[in-house]
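Dear colleague,

Please find below the structure that I am handing over to you, followed by an account of what was found in it.

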Amino acid sequence: MASHSVYKVIFEHEGVFIHPSSDDEVIEQDLLISGALRILDKDGEIIVEYRPLEDTVDPSNMLCAGKDSSSVVEWTQCPGDRSHQLLETQQSYETEWDMVNAVSFRKKSCTNGEGSLNHNHEKSRWALTFSVSDLKSVTVKEEGWTFLICKLKEASTPLPALHFHQGGSREFLESLKKFALLTESASDKTCLLVSTPNKALSQSFENLLDDNTFGLIHKFRKDPYVTTLGSFSKVTNYLFDALRGTEEQHQRPPEEVADLLGEVIPGLEINQQEEPGFEVITRIDLGTRPQVTRREPLSAEEWNKHQDPEGRMVNVPHLKLLIFKGGLCHAGRKEAWKFLLGYFPWDSTLEERKALQRSKTDEYFRMKLQWKSVSEEQERRNSRLRDYRSLIEKDVNRTDRTNRFYEGIDNPGLVLLHDILMTYCMYDFDLGYVQGMSDLLSPILYVMENEVDAFWCFVSFMDQMHQNFEEQMQGMKTQLIQLSTLLRLLDLAFWNYLESQDSGYLYFCFRWLLIRFKRELSFQDVLRLWEVMWTGLPCQNLHLLVCCAILDSEKQKIMDENYGFNEILKHINELSMKLDIEEILQKAEGICLQIKSCKDLPQSVSAILGFNTDVSDPKGYGSSGAPRLAQRQEACSNGHLRETNSHNSCKVAFIS
Amino acid sequence: MAKTYDYLLKLLLIGDSGVGKTCLLFRFSEDAFNTTFISTIGIDFKIRTIELDGKKIKLQIWDTAGQERFRTITTAYYRGAMGIMLVYDITNEKSFDNIRNWIRNIEEHASSDVERMVLGNKCDINDKRQVSKERGEKLAIDYGIKFLETSAKSSINVEEAFYTLARDIMSRLNRKMNDSAPSGGGGPVKITESRSKKSFFRCALL
């Protein structure tokens, strides 16, 4: 279930046709394939998907089709070769990341998709799926109707043309522009070159220590327009990919550079002056930050008032609001956390919960028995289990040892911590144990005082944090990019300062994000922050606003003292245990309200904080697409999207 | 403001999780041993200024997380390091075997002329020893690098280790400076890693 909920349909249009060519003997001539074209947000990855009508059955299957079972492969002349090639590029991509002895694993969500796809093999012959980041260009042609030819970066053969007999091509391109920069090719006006800035960013992360990258960036900097950008050196990273698509153009019109800049930095408007190469940069006015107040923690009594006679929780939104505003008193945590983390459904009765706990207890001990019953002999032949065990033993001995629950040598808390982490390895052997996980479990176990409940609550928490710990640490990369987007909006001057000190990548926030401030706050404050965070209020990704709030308090000192790269890291590390959680939460909420009330909000920021998600429409179908489009167009009129209509033929449009 | 140091050297501690990197650093920078251990998440550094041949040498020592998962992040910090301490735990065979992997890692990601040193830590716990001193010495000879057994807890050889590494870096630097300016007598040279700092971070994250 959980894996399905991360897909969001951003664009959907039926009545898109493929015209099989005459040499496709399988299909009778003159037959047109009719289908639906969609743009999907698959956990942050933007995917374009075409499905023939008769093939669109179970959305969960189609959504899982993803990269692994890539039906795109079927479009090549020699499918065997190509799939091999694809696999190879993927692998080399990975080896760059995993320096030594890496063990790679596939995402769970992909596995069930493969089977269903094979099952429908003949029908899905015309199905297409590709990631927008793999898209090289889209050629727009007219023939009484519009048809689009998409070309992928990796492939020489274009995908079959998509014929919009029932309109919708413009809407499709508009939607696409939200996630990619479309630039008219100089040589062919009908061809739009596609580049995705986020990909460029993560690429630079992935090309860790790759000297070639520096060479290219260096060369790129010789571009006179870009040199004027001065401290915006990060922009070159964005621009680099965008410009690479139009390499043949040596001279870039200044207004185009300005356009690109305006788009890659949310909240930036660039007014070009008469003097060439001189730009005035202004910011979006965010308005004043509202003052908010916090409440007293929710008492156990108040909690009970929100329960009906059968034990169902009622008026849950109000309850969550109370918890968000004040947290919980300690006595109420043991019960409330199970709901907040999703172990207990809010609408379950007491009886149902008892039954759930019984079955979850069985399940837990079944998994616990699995590692408990591994003999020494077996373990000698199982290096991964051995490594997990050794890491867990080391970390259990180093987790919150000053807390009375874990102090001393023979504290039972230590045994529980160990056993739950070992059982989690059996629950998710691919992930196993990664350092930092003991920090996430410790407060939960402390509150639950019960092995089974603590385990299942930890499982729920790990569902949220999983990506941070995976081999590629995608979660960390995404969060750092998101945080950087927010910081640029909130205080461009500060962000520029960080950038000037080589700290624009915000690496100093790594520990904050990996273990959700566990090492930064006192144990009691961690409990408060986490329960507030789990309410999902007042917006998604509150923890990123918590980062912004802390940095907001420190930025003056950092800039006044002219801290460099090392001093910034040191200063941030030394904030540990000196932070006031109530003050931070107050500020974070204020920032949220401040951003929310801003009318020219860049799409990227709204997406991070979830302002566009329609809560009443959990699947993200239908209504959520419309307001997003409306807002996007509004943004256009504010200079985030500019069209140059004079002599130069380049159109630049990008809404991140 | 008076200059507080003549040279700034960047050092790095690497090795498997739990071998005692943070403890060695704590012993060297604070001359103390904390029995309330805590695993290192992310990265941190400590400073200690020492004196060598009448010169004040500021050592900036970076401490990294040991688990392999974090290696992509920690290797970003190899650049600009002038000296690397490779640490294993004498009571843990695996951590010793992994030293070879760590060395390979350095070869890939650190500058080629970085000074290296191998430390076999926890030598106070002799009754749980799994790696003999001879094996440590042999490994060091194989790679042509210096070796010491240390104990952060009992404060054995910790000062020696860092002083040795710092001295080796300084003599390498002096050789270099003499090569490039044989007349000598130039102004004081401040050694920093301005270029490399930028580059290793440029690609560090995002």
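**Surface and fold of chain B**

Chain B has an accessible surface of about 8900 Å², and carbon and sulfur atoms account for 48% of that area. Please bear in mind throughout that this is a predicted model. Chain B has 206 residues, of which 56% count as buried. Its secondary structure consists of seven helices and six strands, arranged along the sequence as β-α-β-β-α-β-α-α-β-α-β-α-α. When contacts in chain B between residues at least 6 apart in sequence are considered, 74% of them join residues at least 24 apart.

**Nonpolar cores**

The largest nonpolar core holds 150 residues, and the members that touch the most others are A:I444, A:L545, A:I595 and B:L86. The greatest contribution to this core comes from helix α18 of chain A (residues 451-469), which supplies 11 residues.

Apart from its neighbours within four places in sequence, B:L86 is in contact with B:I14, B:I99, B:W102, B:I103, B:I106, B:R116, B:M117, B:V118, B:L119 and B:I145. There is also a second, separate core of 30 residues, which includes A:F11, A:L37, A:L148 and A:A180.

Helix α24 of chain A (residues 565-573) is mostly covered, with eight of its nine residues buried. The buried residues of this helix are A:F565, A:N566, A:I568, A:L569, A:K570, A:H571, A:I572 and A:N573.

**Salt bridges**

Over all chains, the structure holds 46 salt bridges.

- B:K122 and B:D89 meet through their side chains in a salt bridge of 3.2 Å, N to O. This pair links distant parts of the chain, 33 residues apart: B:K122 is in the loop between β5 (115-121) and α5 (133-143) of chain B, and B:D89 is in strand β4 (residues 83-89). B:K122 is partly exposed at 22% relative accessibility, whereas B:D89 is buried at 4%.
- B:K146 and B:D168 form a salt bridge through their side chains at 3.1 Å, N to O. Here too the pair links distant parts of the chain, with B:K146 in strand β6 and B:D168 in helix α6 of chain B, 22 residues apart. B:K146 counts as partly exposed, with a relative accessibility of 41%, while B:D168 counts as buried, with 16%.
- B:E68 forms a salt bridge with B:R71, and their closest N and O atoms are 3.7 Å apart. B:E68 is partly exposed, its relative accessible area being 31%, and B:R71 is buried at 4% relative accessibility.

Which residues of chain A are joined into one network by salt bridges that share partners? They are A:R289, A:D491, A:D552, A:K555 and A:K587.

**Backbone geometry**

The peptide bond from A:L537 to A:P538 is cis, with omega near -10°. A:P538 is situated in the loop of chain A between α22 (523-534) and α23 (542-560).

A:F517 has a positive phi of about 65°, although it is not a glycine. This residue is in the loop between α21 (510-514) and α22 of chain A. Is A:F517 buried or exposed? A:F517 has a relative accessible area of 1% and is therefore buried, the cut-off being under 20%.

In chain B, B:S155 likewise has a positive phi, about 55°, and is not a glycine. Its place is in the loop between β6 (146-149) and α6 (158-180) of chain B. B:S155 is partly exposed, with a relative accessible area of 37%, whereas A:F517 is buried.

With kind regards

Methods:
Residues are numbered from 1 along each chain as its sequence is written. Chains are lettered from A and ligands numbered from 1 in the order in which they are written. This is a predicted model: local features need pLDDT of at least 70, side-chain atom pairs count only at pLDDT 80 or more; totals for chains, interfaces and linings use all residues. Side-chain values use heavy atoms; hydrogens and water are left out. Helices (H or I, at least four residues) and strands (E, at least two) are DSSP runs, numbered from the N terminus. Buried means under 20% relative accessible area, exposed over 50%, partly exposed in between (1.4 Å probe, protein chains only). Contact means heavy atoms within 4.5 Å. Accessible areas come from the Shrake-Rupley method with a 1.4 Å probe; for residues, only the protein chains shown count as cover. A salt bridge is a side-chain nitrogen of Lys or Arg within 4 Å of a carboxyl oxygen of Asp or Glu. A nonpolar core is a set of buried Ala, Val, Leu, Ile, Met, Phe, Trp, Tyr and Cys residues joined through side-chain atoms within 4.5 Å.
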